[in-house]
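This report covers domain division and helix packing. The structure comes first, then the details.

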Amino acid sequence: MPSHTFTVNGKSVTVDAPDDLPLLWALRDLLDIRGPKYGCGINVCKACTSHLDGEAFNPCVLPVSEASGREVTTIEGLADGDRLHPVQEAWLEQDVAQCGYCQPGQIMAAVALLKRTRNPTDADIDAIANVCRCGTYFRIREAIKSAAERMA
Ligand code: FES
Ligand code: FES
């Protein structure tokens, strides 16, 4: 079985897995990192959104072999010790989550957006493709605006 070494949330990890195993499976089932959620497995729902070398990506469609030597960040790696990321704080302030299933992916998408654009417009926010079956989109929008102010 091939070995794949990459960084997850600042730690080097090695997994033994077939080259074509989706990274999401390696994270959840081999490394017990359950923040990135499985929804569709085909890059549609975005529930698994995490960061690869600092940019949003969807590990359900990235073969684990392509993560070799790269830096993966999941929702578990966002806080700085006990200090939440400003986006997480804004999420709590706006009480965004309902069932919560999509929320790790929503937060990771929001962090990536705020890295690219310090003051996102409603259109920028609405362009986030992460699906929320509970319909929290309005509160997501308010939380991203609040996070942008915190990070200004
Ligand atoms: S599980 Fe749906 S996009 Fe990854
Ligand atoms: S909070 Fe339930 S799917 Fe988004």
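## Domains

The protein chain splits into domain 1 (3–77) and domain 2 (86–151). The model is a predicted one. Between the C-alpha centres of domain 1 and domain 2 the distance is 21 Å. Domain 1 puts 15 residues into the contact, and domain 2 puts in 13 residues.

The size of an interface is often given as the accessible area lost when the parts come together. For domain 1 and domain 2, the buried area is about 1100 Å². Carbon and sulfur atoms give 66% of that area.

## H2 against H5

Two packed helices are described by the angle between their axes and the distance between the axes. Helix H2 covers residues 86–93, and helix H5 covers residues 137–151. Their packing angle is about 135 degrees, and their axes are 8 Å apart. Angles over 145 degrees count as roughly antiparallel and those from 65 to 115 as roughly perpendicular, so H2 and H5 are oblique to each other. H2 crosses H5 in the right-handed sense.

On the H2 side, the contact is made by Pro86, Val87, Glu89, Ala90, Trp91 and Glu93. H5 supplies Ile140, Ala143, Ile144, Ser146, Ala147, Arg150 and Met151. By class, the residues of this H2 and H5 contact are 9 nonpolar, 1 polar and 3 charged.

## H2 against H3

Helix H3 covers residues 103–116. H2 and H3 pack at about 125 degrees, with 10 Å between their axes. H2 and H3 are therefore oblique to each other. Their crossing is right-handed.

Which residues make this contact of H2 and H3? From H2 come Val87, Gln88 and Trp91. From H3 come Gln103, Gln106, Ile107, Ala110, Val111 and Leu114. The contact of H2 with H3 has 6 nonpolar and 3 polar residues, with no charged residues.

## H3 against H5

H3 and H5 pack at an angle of about 45 degrees. Their axes lie 11 Å apart. H3 and H5 are therefore oblique to each other. The crossing of H3 past H5 is right-handed.

H3 brings Gln106, Ala110, Leu113 and Leu114 to the contact. They meet Ile140, Ile144, Ala147, Ala148 and Met151 of H5. How do the residues of the contact of H3 with H5 divide into nonpolar, polar and charged? There are 8 nonpolar, 1 polar and no charged residues.

## Residues named in two contacts

Definitions and conventions
Residues are numbered from 1 along each chain as its sequence is written. Chains are lettered from A and ligands numbered from 1 in the order in which they are written. This is a predicted model: local features need pLDDT of at least 70, side-chain atom pairs count only at pLDDT 80 or more; totals for chains, interfaces and linings use all residues. Side-chain values use heavy atoms; hydrogens and water are left out. Axes are lines fitted to C-alpha atoms, for helices over the stretch in contact, and angles run from 0 to 180 degrees between N-to-C directions. Helices (H or I, at least four residues) and strands (E, at least two) are DSSP runs, numbered from the N terminus. Angles under 35 degrees count as roughly parallel, over 145 as roughly antiparallel, 65 to 115 as roughly perpendicular and the rest as oblique. A crossing is left-handed if the near helix is turned anticlockwise from the far one by less than a right angle, and right-handed if clockwise. Contact means heavy atoms within 4.5 Å. Ala, Val, Leu, Ile, Met, Phe, Trp, Tyr, Cys and Pro count as nonpolar, Asp, Glu, Lys and Arg as charged, and the others, Gly among them, as polar. Domain bounds come from an automatic or database domain assignment. Buried area is the accessible area (1.4 Å probe) that two parts lose on being put together, summed over both.
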